[in-house]
Amino acid sequence: MLAFILRRAIQAIGVMVVVGVVAFSMFRFAGDPVNQMVSIDTSAAERARIRDQLGLNDPVLVQFSRYFVNAAQFKFGTSYQFRQPVADLLAERLPATLELATCATMLAMVFGILLGVHSALRRDSLLAKVFQAISLVGISLPTFLIGILLIYLFAVVLGWLPSFGRGQVVRIGWWTTGLLTLSGLKALIMPSITLGLFQMTLIMRLVQAEMLEVLRTDYIRFARARGLTTRAIHFGHALRNTLVPVITVAGLQFGSVIAFSIITETVFQWPGMGLLFVQAVQNVDIPIMAAYLMMVSLIFVTINLLVDILYTVVDPRLRSTISRPA
Amino acid sequence: MSDAVVPRKAEAGAPRTGFQQPGWLRRAAASDLFYSFRRSKLTMLAAFVTLLFFLAAIFASVLAVQNPFDPAQLQLMNSRIPPLWTADGQSPYLLGTDEQGRDVLSAILYGLRISLAVGVLGVLLSGTIGIVLGLVAGYVGGAIDSLIMRIADVQLTFPAILIALLVNGVVKSVFGNRLDAMSMLGVLVIAIGLSFWVQYARTVRGSVLVEKNKDYVAAAQLIGLPAPVIMLRHVLPNAIGPVLVIATINLALAIITEATLSFLGVGLPDTMPSLGTLIRIGNNYLFSGEWWIVAFPGFALAALILSINLLGDWLREALNPKLR
């Protein structure tokens with residue numbers, strides 16, 4: 001068990017080092033960092049001074065280790081567009097993205113599980129067929145189209161919800177939250193649905209498939225033979241066993257939710273990290289791109305590691321077969 | 001003696017080359033695949049719609065009433081005309097016109113061409129990268145195998161859209177931000193190619209690991225065929241079924257990815273718009289009531305992706321004997 005966790009942790013660190021190398025090479029070799037920082041009429045001597053100051057004349061390995069040490073302390077350099085430390089820019093926008101991603105995931109979990117259970121228990125009902133069709137559309141429609149559709153319906157035609165921004169936010173320490181004001185909550189509704197719809201369909205299909213499988217097992221038949229109520233069987237016995245894979249998938253998907261929030265944030269002009277990243281790609285702001293890559297990777301790798309560890313804790317069968325195939 | 005046996009063995013295990021033999025049409029019509037195709041009305045509809053989209057893209061210049069990207073053919077007088085069936089519709093503009101007097105239907109036809117081109121080329125590139133790496137990893141094994149598969153593992157952790165965005169940004173910073181439309185198309189194809197190769201590589205590697213211990217491979221090695229020939233001519237055809245399924249589903253994903261990048265403003269420019277670019281442009285007019293500028297490109301994109309996905313679903317079930 002401990003050996004397994006240790007091996008996974010070492011793998012995770014390995015991934016982070018690889019990502020660090022990619023981020024560093026982007027920063028160092030994709031375009032000249034000095035050219036991005038100076039204006040056209042900066043003298044050659046001044047450029048050479050900046051180059052020296054940034055340490056770009058040192059051996060590459062020295063530069064890399066310095067970049068890595070800085071990155072480990074969340075120092076990602078200065079943005080080319082904003083002339084501000086990248087870390088500050090990211091920290092300022094982190095709460096918006098995390099709030100959106102968390103709301104979307106919760107929404108996806110609650111509705112995904114409910115709809116999945118319903119369509120597993122009443123497979124031939126009209127409602128289940130409607131859900132099935134919606135899930136196919138949900139998987140086929142690109143995220144941004146769903147967003148546009150929602151905006152047109154609820155902001156343009158009906159005028160119920162705001163079409164962009166976060167509404168009014170409350171500042172608690174360095175964290176800003178939109179959860180405490182009415183306009184903030186209203187602004188959160190459409191982006192959360194847009195972002196969570198794909199995950200919801202995924203969870204719904206997973207719950208349905210798992211439920212159907214579990215309902216066929218012997219212990220459910222035994223529970224029926226014992227005369228338990230259908231409610232106790234479905235929710236106390238069957239659903240509980242389907243939840244392990246569901247939580248795993250939802251956990252692993254949290255990383256992609258953050259990545260996909262790039263699109264949702266652009267559609268709704270949500271002031272989060274994703275919007276910052278898209279603007280960085282548009283303006284070739286390499287320090288922000290590199291830093292975003294590192295941040296998102298860190299979140300991904302941490303979640304993967306936690307899910308792996310939780311899995312071994314929750315499912316004792318995995319402990320005996322610890323040498324998991326890659 | 002052994003000369004007579006070995007080639008026959010190789011032939012028995014070798015791919016069915018029925019498509020080159022006479023009468024392949026009849027054989028195809030009698031195949032399981034065609035039977036399951038005929039059985040599903042939804043699949044036939046999806047295939048028909050997909051075919052229609054491809055034909056529309058190919059013959060865009062014939063079908064369109066104007067070339068929407070030739071400024072000489074545009075008249076600002078004709079801007080913002082609503083679709084034909086509304087009260088203010090005007091005759092050649094079936095789906096209305098946009099801010100610059102472009103016919104929306106013509107723009108969709110030309111945009112469809114770009115979207116499909118990027119999608120198909122992206123799938124070809126990612127398929128080639130993935131198949132080659134998968135073959136090499138599975139056939140050669142050892143350190144090369146672990147290296148390729150570790151890279152695949154790491155990349156699989158990240159969603160394709162993020163990788164496509166990063167590739168896009170890096171290429172732009174290397175070649176400068178002012179790329180012309182044609183090179184932007186190339187950048188998108190490369191970004192998509194590098195984002196989607198992993199699934200092919202894993203699938204092909206898996207099949208190769210099974211196939212390479214079979215007798216026909218041993219026979220081919222025995223008669224001294226070079227490894228690349230064995231990989232491409234003998235092993236690959238036996239691993240191609242799942243690759244086709246992935247390619248179909250990835251075509252839809254590639255089109256979505258391209259549309260998303262163009263929508264985010266890092267894809268194709270306004271001078272050579274894909275469906276995604278058209279949706280981004282149209283999105284600006286949503287609030288002023290010109291819904292048709294965004295609605296029809298959006299509908300075209302959704303219909304295209306849905307039909308390709310349905311085809312992919314059918315292919316996956318038809319080629320998987322377990323599900324039959």
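## Reading the model

Because the model is predicted, local features need pLDDT of at least 70 and side-chain atom pairs count only at pLDDT 80 or more, while totals for chains, interfaces and linings use all residues. Residues are numbered from 1 along each chain as its sequence is written, and chains are lettered from A and ligands numbered from 1 in the order in which they are written.

## Chain A at a glance

Chain A has 13 helices and two strands; here helices (H or I, at least four residues) and strands (E, at least two) are DSSP runs, numbered from the N terminus. The C-alpha trace of chain A spans about 85 × 60 × 35 Å along its principal axes.

Of the 326 residues in chain A, 37% are buried. A residue is buried if 20 or more other C-beta atoms lie within 10 Å of its own, exposed if 12 or fewer, and partly exposed in between, with C-beta atoms placed from the backbone.

## Where the chains meet

Which chain A residues touch chain B, and how many are there on each side? The count is 30 residues of chain A and 35 residues of chain B, where contact means C-beta atoms, placed from the backbone, within 7 Å. On the chain B side, helices H7 (142-156), H8 (160-175), H13 (240-263) and H15 (292-319) each supply at least two residues, and H8(B) gives the most, with 10 residues.

In chain B, the axes of H6 (residues 104-140) and H14 (residues 275-283) come within 7 Å and cross at roughly 135°. Axes are lines fitted to C-alpha atoms, for helices over the stretch in contact, and angles run from 0 to 180 degrees between N-to-C directions. H6(B) and H14(B) are therefore oblique to each other: angles under 35 degrees count as roughly parallel, over 145 as roughly antiparallel, 65 to 115 as roughly perpendicular and the rest as oblique. Residues making this contact include Gly111(B) of H6(B) and Leu278(B) of H14(B).

Note on methods:
Contact = placed C-beta atoms within 7 Å.
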